[in-house]
Amino acid sequence: MDLQNFGMTATANRLDPDEIWNIQMTSAAHQEKRGEIGVITIDSPPVNALGINVRRGLDSAFRALRDDPAVKAIVLICAGRTFFAGADISEFGKEPQAPLLGDVFALIENLGKPVIAAIHCTALGGGCELALVCNYRVAVPSARIGLPEVKLGLLPGAGGTQRLPRLIGPELALDLILFGRSIDAAEALRLGVIDKVVSEGALLDEAIAFAAEMVAQGKPLTRVRDREDQIAQSRDHPEIFAAARARAAKTARGFLAPENIIKAVEAAVSLPFDEGMQRERELFVELRDSTQSAAQRYYFFAERKAGKVPGLPTAPADLKIERVGVIGAGTMGGGISMNFLSAGIPVTLLEMSQEALDRGIGVIRRNYENSARRGRISDVEVERCMDLITPSLDMGDLGEVDVVIEAVFERMDVKQDIFAKLDKIAKPHAILATNTSFLNVDEIAAATSRPESVLGLHFFSPANVMRLLEVVRAARTSESVLAASMALSSRIGKVAVVSGVCDGFIANRIMTPRREQAEAVILEGTTPQDVDKALYDFGFTMGPFATMDLVGLDVIDRSEPYRTVKADLLKAGRRGQKSGAGYYDYDESRRPSPSELVAKIIAEVAAERGIVQHPPLNQEELVCRLLYPVVNEGARILQEGIAQRASDIDVACILGYGWPVYTGGPMFWADSIGLAQIVTGLRAMAERFGSQFEPAELLVRKSEAGDRLTD
Ligand code: CAA
């Protein structure tokens with residue numbers, strides 16, 4: 001029996017409801033009766049998103065139970081891994097299909113019988129909003145509840161901005177909605193978001209018992225929309241919203257959604273419920289139709305797609321990873337080790353000298369202790385992680401591990417020597433990985449007799465914090481080694497992006513033109529501060545010169561065959577923030593200011609190299625000059641097959657280089673401004689500055705065909 005028929009027939013009362021109960025339905029909704037309590041179970045893998053099938057299922061099931069006089073209360077529960085994970089994000093931008101979420105919610109809210117949401121795992125976005133239209137909410141202790149729409153460039157558009165403030169007050173509601181913070185069941189109970197925490201593993205039974213209790217008490221039905229107490233006391237307190245705006249300006253610069261969220265919550269406080277809902281709708285639609293939200297929704301799926309390699313078998317059992325070896329206890333090796341320790345995987349940490357080993361382990365301990373001081377982990381967890389380290393000065397100890405990650409300095413002869421030794425020591429099935437950021441992984445693999453076991457695992461610094469991991473598939477890396485490495489990456493919470501072998505792999509290679517152009521334009525008459533400001537205004541946290549000053553000019557290992565500004569700055573002792581001067585002068589609080597000396601050095605270098613001076617480029621010109629070549633490099637990476645898909649390049653840039661997520665990354669950004677414009681811009685630059693700007697063949701082809709890079 002199909003759900004539509006079931007719903008329609010039951011609504012029209014053409015079938016005896018007893019004939020219908022307990023029929024396993026083929027759609028997303030299943031319903032049954034437990035005495036006086038009706039139970040609606042939604043089962044729509046993977047995450048019970050509120051797509052059209054689920055909405056139809058809810059609509060039919062609630063109508064049927066509403067119309068059955070024997071049913072006195074209804075429990076709404078989800079099968080599978082989670083309570084509703086929100087609206088179906090893939091439906092945004094498509095023609096809406098009835099019943100709409102608002103219609104279903106109105107049906108539930110006005111049902112006239114108590115409805116109890118029984119929550120496990122997560123109630124997110126529209127899922128949380130659905131729980132808020134129910135009369136009561138119960139949850140197991142492990143459940144989490146939240147409104148994360150801001151991360152998709154949206155606001156909760158199904159009443160969340162109107163109902164949550166009525167439950168917990170606008171200040172707390174803003175705290176949750178503006179930052180997409182989810183709360184656990186205990187906090188939800190304390191705040192009044194849920195009514196009861198029930199036992200893990202007994203959700204349905206205890207929810208039914210709770211429903212029966214509500215029926216027995218026979219109290220008048222309460223609806224969140226009718227609550228006034230929490231918002232009444234916040235009227236005439238504009239400082240609540242001023243504080244939220246100040247916080248959002250600091251933490252979410254450039255994002256549109258926070259301001260609309262604040263306006264919607266203001267409406268909850270100042271307008272009657274239905275007018276507030278109307279205002280929420282307008283503000284939601286504005287965001288839903290914005291390029292920012294399209295970019296952030298694209299990014300949501302891009303991140304999940306990145307870990308998938310079409311046709312790759314699952315990791316074989318003999319590549320089970322129980323212990324990891326890391327060579328080098330420096331900044332990278334230490335950070336890499338922490339990923340595994342935090343995930344409960346023991347690490348053998350190898351160094352050349354006891355002193356280097358002690359120093360590296362000391363830094364790891366300090367990092368964990370700092371996390372404990374900030375309340376992120378407990379003291380017990382610090383010790384648990386530290387106990388998982390086996391320090392070693394003997395390479396032979398790596399014979400015990402399942403994966404070795406080499407993180408020593410970037411010299412091919414040193415790495416080849418290490419891999420030749422590893423070849424003799426490592427287990428037959430061990431994965432041999434290098435953390436090199438630009439050396440040729442094929443050449444490193446060639447130093448072994450088992451190149452199929454070798455690949456790159458390129459972590460970004462700080463390796464314990466940055467979520468990106470480039471998994472570098474060398475020419476002879478086996479599928480099983482790749483599969484095991486991808487699985488390992490998700491075990492340690494990284495977003496893996498597969499890259500082929502090339503200079504700089506994906507993220508460093510694609511962003512190189514931005515640095516090169518930044519260095520070029522300052523020699524043509526634009527100042528470093530103008531360049532940095534243009535990229536800051538575009539949405540990067542910092543421009544390239546401020547970044548170099550932060551990292552340290554002496555750390556950036558790059559020498560050129562001609563006189564450069566950077567080399568002159570180093571000669572003048574200007575190593576960046578740590579020496580009080582670099583591309584900028586710094587005061588004691590490390591506040592930067594433009595430097596006359598730097599301006600003089602730039603003028604001298606430009607004169608010596610015979611570089612023609614131009615009027616300074618404006619913001620728009622700088623964005624074209626610095627970022628169109630990035631798009632071009634991305635297109636080359638794609639056409640060479642270095643990246644599997646355009647969205648992987650975007651993920652690498654967003655997570656590896658802080659490219660603003662609200663533009664979707666360079667590939668999505670190029671699509672949103674139009675490939676024809678990029679091609680025209682690049683051709684103009686090629687005419688002026690040389691053939692390195694010639695648009696990539698793929699870019700031209702897609703532009704002429706009216707295609708997108710990210711299709
Ligand atoms: N819509 C469509 N697909 C979704 C989805 C959603 N809301 N949430 C997750 N999925 C998909 C994922 O794309 C993924 O698909 P593939 O297997 O094909 O890659 C699959 O479900 C599993 O997702 P995860 O890999 O993320 O699984 P997880 O177990 O790591 O995390 C989760 C589960 C915590 C629910 C996480 O998926 C998540 O955070 N989802 C999004 C929640 C969200 O943002 N909800 C708000 C939606 S907007 C809204 O609701 C607006 C409104 O006001 C009505």
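Into which domains is the protein divided? The protein is divided into domain 1 (3–288), domain 2 (317–501), domain 3 (508–608) and domain 4 (619–704), with bounds that come from an automatic or database domain assignment. This is a predicted model, in which local features need pLDDT of at least 70 and side-chain atom pairs count only at pLDDT 80 or more, whereas totals for chains, interfaces and linings use all residues. Residues are numbered from 1 along each chain as its sequence is written, and side-chain values use heavy atoms, with hydrogens and water left out.

**Overall architecture**

- The protein has 30 helices and 19 strands; helices (H or I, at least four residues) and strands (E, at least two) are DSSP runs numbered from the N terminus.
- For 711 residues, a compact globule would have a radius of gyration near 27 Å, and the 29 Å of the protein agrees with this. The radius is taken over C-alpha atoms, and the globule rule is 2.2 Å times the number of residues to the power 0.38.
- Along the principal axes, the C-alpha atoms of the protein fill a box of roughly 90 × 60 × 55 Å.
- The centres of domain 1 and domain 2, taken over C-alpha atoms, are separated by 44 Å.

**Ligand site**

- The ligand has 25 residues around it, of which Arg81, Gly126, Gly157, Arg304 and Lys308 come nearest; a residue is near a molecule if one of its heavy atoms lies within 4 Å of it.
- The shell around the ligand divides into 15 nonpolar, four polar and six charged residues. In this classification Ala, Val, Leu, Ile, Met, Phe, Trp, Tyr, Cys and Pro count as nonpolar, Asp, Glu, Lys and Arg as charged, and the others, Gly among them, as polar.
- Both α5 (126–133) and α14 (291–306) supply at least two residues of the shell, and the largest share, three residues, comes from α14.
- Polar contacts are pairs of N or O atoms within 3.5 Å. An N or O atom in the side chain of Arg81 is 2.6 Å from an oxygen atom of the ligand, and for the side chain of Arg304 the corresponding distance is 2.7 Å. At Gly126, a polar backbone atom is 2.8 Å from an oxygen atom of the ligand.
- Taken alone, the ligand exposes 980 Å², and the protein buries 73% of that; accessible areas come from the Shrake-Rupley method with a 1.4 Å probe.

**Sheet organisation**

- An open sheet of six strands has the order β1-β2-β3-β4-β6-β9, with mixed pairing; two strands pair if DSSP finds at least two bridges between them.
- The edges are β1 (29–34) and β9 (196–197), each with a single partner strand, so one side of each is left without a neighbour in the sheet.
- Strands β3 (residues 73–78) and β4 (residues 115–119) pair in the parallel sense over four bridges, and Ile77 stands opposite Ala118 in β4.

**Backbone geometry**

- Most residues other than glycine have a negative phi, and most peptide bonds are trans.
- The peptide bond from Pro45 to Pro46 is cis, with omega near 0°; Pro46 is found in the loop between β2 (37–42) and α3 (52–66).
- Asn48 is also found in the loop between β2 and α3, and has a positive phi of about 55° although it is not a glycine.
- The peptide bond from Ser461 to Pro462 is cis, with omega near -5°; Pro462 is placed in the loop between β15 (454–459) and β16 (468–472).

How values were computed
A polar contact is a pair of N or O atoms within 3.5 Å; within protein, one must be able to donate a hydrogen and the other to accept it, and residues adjacent in sequence count only if both atoms are side-chain atoms.
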